[in-house]
Structures are given as C-alpha cells and as structure tokens.
Amino acid sequence: MINFTFYNPARIIFGKGTEEQVGSEMKKLGSRVLFVYGGGSIKRIGLYDKTVKALKDNGIFFAELGGVQPNPRLGLVKEGIRLCKEHNLDSILVVGGGSAIDTGKAVAAGALYDGDVWDFFEDKANVQQALPIGVVLTIPAAGSESSSGAVITKEEGLLKRSFGGECLIPKFAIMNPEFTYSLPAYQTACGASDILAHLMERYFTKVDHVDFTDRLIEATMKTIINNTPLVLANPTDYNARAEVMWAGTIAHNNLLNTGRIGDWASHNIEHELSAIYDIAHGAGLAIVFPAWQKYVCHDDMDRFVQFAVRVFDVDFAFGDKELIVAEGIRRLERWYKEIGMPTRLNDASIDDKNLRVMAEKCCANGLQGNFKKLTADDVYEIYKLAL
C-alpha cells in the first residue's frame, strides 16, 4: 500500500424528499446562482419547477444554463462562464447527471480564471479556485456529484479531455433515488456500465497489499452487477435504485483510490470513441474494457484470476489461470449484453476507419495506463480486439 491523503468534503443528502432541502443548502453557498441542467427530463418529472420555487422562496437570484447534452461541449461551458461574469454570479447549482455536473464544474473554474478555460484541460494551468457547486443528482453514473474531476469535449478537433482539482468537489449532493425511476433502460444501463468501469479502473493495480480496498471495490462491483438487472426489470424498485445510486457515488469519490494506483487507460481509450462517434460513455466503456482486459491480462494473471473468482464467482476448479481469466472476461461480457450494452464496435455500427487516428490522439501526450503502459500501437491493437 502506498501513502495517500483522502479528502472529500461533499455533504451527501440521500433519500426520499431530500430535494426539499435544495433552497436552504444553496443559500449557504451564495445568493446569485447559475442553474445548470440538461434536457427536458427534469421538467417532465417536476424537478425543474420544484427547484425554481425553492430558489425563489429563499430569495436567490438565478440565471439558467440549460441544454447540456451527453459528452458535454465546451461551447456551452463558455456560455455559462459568460453568464457568471455578466450577472456577477457567486455559485453553481446543477440538477442532472454527470454531463451537467461536469459542465457546472468547468464553468465554476472558468468563471474565476482570466484565461481560456480549455487551458485546464491541456495542463497549461492548474485550477486553484472555483465557484462553490451544489448538485441534485438525477442519473447515477459518472460519480461527478462528489468527485474532483470533470470531462468536456471541445468541438474543434473533437477532443474529449479531463481536468480536476479539490476545489471542484461539490459542497453538497442531494440524491433521491425516486428521480431515477423515469430513466430509459438504456441510460440506466449506460450509467451502471460507467460505475463498474470506475471500479475496475481502480481495481486493476500493480500495488501490493491493498486487500482492504480490494474488498471494498469487489463488494461495490457486485452491488452494481446484482442490482442493475433488478432495476431494469422493475424501474420503480426503490431499494435497488438506492443501491446503484449510492454505489455510483462511492465508486468515484476517491475513497477507493486510497493506497493504490489505478489504471485509467480504458477511460482515455473510450474518450476518443465518444469524441468522434458521440457514443454514450458507458456504452463505449462496455466495448473497450473487455478488449483491454484481453490485451493486458498476461501482465498480472493473478490479479485477473482474483477478479474472476471474487467478482464473477468463477470456480478454481474451472481450470488453469488462463481458463479462469478467460471465463471471468466472458462473464463480464455476458453481463454487459444482459443489460443491453454493446460489447463490440460493430454492435455500435463503428467500423475500423478511424482506429489508427483514435489511437494516435489517445497517446498524443504520452503513454496511457498504469497497469500496463500503452503506446499508440498498443491502443490500436485494443481497438482491433474491440471490433
């Protein structure tokens, strides 16, 4: 286990009716708010009206930034920054999922920065300050409600990049699983895939003596694996929804990073897919992760055996290490298929035309991953395995 510092100040307000606290919680952060949200879903479920009323009842001025789309765009971030500066806004409220939250985070950083907000994504500047952020979560997936990072796509060049800093961690996250009941099955499944990927990125490490966090990650993975089919079969199963929602937060709030070094190559490999093809992030991860596992598993077969046995219940009697690992990957792919995710590029109508381009873009700033350092040629082979 390596040295670590764990810090996460996000206040989690979880359960039925907790959205009633949004006005009082935002009042603690400021009196002039940028209200960020996505499409029409929060209006259909009545959450938009509740939020507007809560802000007004608490005497909070607000400007709106709606229309956030999946794989959120830099253009809208810049519009949010303009609104913050024009109206002298002092805080951000996001109602939605990871795309809306990441947009809010980028706006929060850019509003207090004199340069181009994209500087943060190109490592030309480090984010030192940001407007305080509050969240009402409607989609369990990205874990952005209590994480320190964000991912944004720049339209010019189709670049999907991330940045982070402790000042981006939301001050509070209100989480009512009831607001996830109306999510389409595909979106629910994409979210579950994203959560599982956050866990696997941390799980596949070369750091020894991390049994405590291994066990925590394994338990969280099994929670997602077991509860996602229940949610898809019965969308109003509150208890299953609650399990998925809370697991999604824990998966990405840095607790499960402690003492270990994760990989993160699969996320960056997928970012090139969704940047060019605009595929849902969770769907892209379902395609990339099994291919990555097949490509790197021989670098530490024991870690992959442990994954197969502890997470997917592959019996040691199944055979030697090669067979156990192969069966673990097969069961992972089977789970993806059972929840309606693609597991091959062809499943998403993506051909081999841009594989080399994506591999070169992925490694433009250096090698990818920590479990196995990947060159552009390695990434290209992983894309080919994913076809």
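In which sense do strand β6 and strand β7 pair, and over how many bridges? Here are some notes on that and a few other features.

1. **Ground rules.** This is a predicted model, in which local features need pLDDT of at least 70 and side-chain atom pairs count only at pLDDT 80 or more, while totals for chains, interfaces and linings use all residues. Residues are numbered from 1 along each chain as its sequence is written, and side-chain values use heavy atoms, with hydrogens and water left out.

2. Strand β6 (residues 149-154) and strand β7 (residues 159-164) pair in the antiparallel sense, over 6 bridges. Strands and helices here are DSSP runs numbered from the N terminus (E, at least two residues, for strands; H or I, at least four, for helices), and two strands pair if DSSP finds at least two bridges between them. K154 has L159 of β7 as its bridge partner. The hairpin leaves 4 residues between β6 and β7, and G157 in the turn has a positive phi of about 90°.

3. **The open sheet.** Six strands line up with parallel pairing in the order β1-β8-β5-β4-β2-β3. At the edges are β1 (11-14) and β3 (61-65), each pairing on one side only. The twist averages 20° from one strand to the next. Strand β8 (residues 172-175) runs parallel to β1, joined to it by 4 bridges, and F14 stands opposite M175 in β8. Helix α4 (residues 74-87) packs on this sheet, touching β2 (32-37), β3 and β4 (91-96), and its direction makes about 160° with that of β3. Contact means heavy atoms within 4.5 Å; axes are lines fitted to C-alpha atoms, for helices over the stretch in contact, with angles from 0 to 180 degrees between N-to-C directions.

4. **Helix α13.** This helix (residues 321-338) has 18 residues and reaches 26 Å from its first C-alpha to its last, close to the expected 26 Å; the expected span is 1.5 Å times one less than the number of residues. Its buried residues include I324, I329, L332 and W335 (buried is under 20% relative accessible area, exposed over 50%, partly exposed in between, with a 1.4 Å probe and protein chains only). Among the elements covering them are α7 (185-203) and α8 (211-233). After α13 comes G340, with a positive phi near 90°.

5. **Salt bridges.** The count comes to 28, a salt bridge being a side-chain nitrogen of Lys or Arg within 4 Å of a carboxyl oxygen of Asp or Glu. E19 and K50 form one, with their closest N and O atoms 3.2 Å apart. That pair links distant parts of the chain, 31 residues apart: E19 in the loop between β1 and α1 (22-29), K50 in helix α3 (residues 47-57). E19 is buried because its relative accessible area is 10%, whereas K50 is partly exposed at 40%. Within α13, R330 and E327 lie 3 residues apart, about one turn of the helix, and their side chains meet in a salt bridge (2.8 Å, N to O).

6. **Two loop residues worth a look.** H209 has a phi near 60°, a positive value in a residue other than glycine. H209 sits in the loop between α7 and α8, and counts as exposed because its relative accessibility is 70%. N254 also has a positive phi, near 80°. N254 is in the loop between α9 (238-250) and α10 (265-277), and is partly exposed at 23% relative accessibility.
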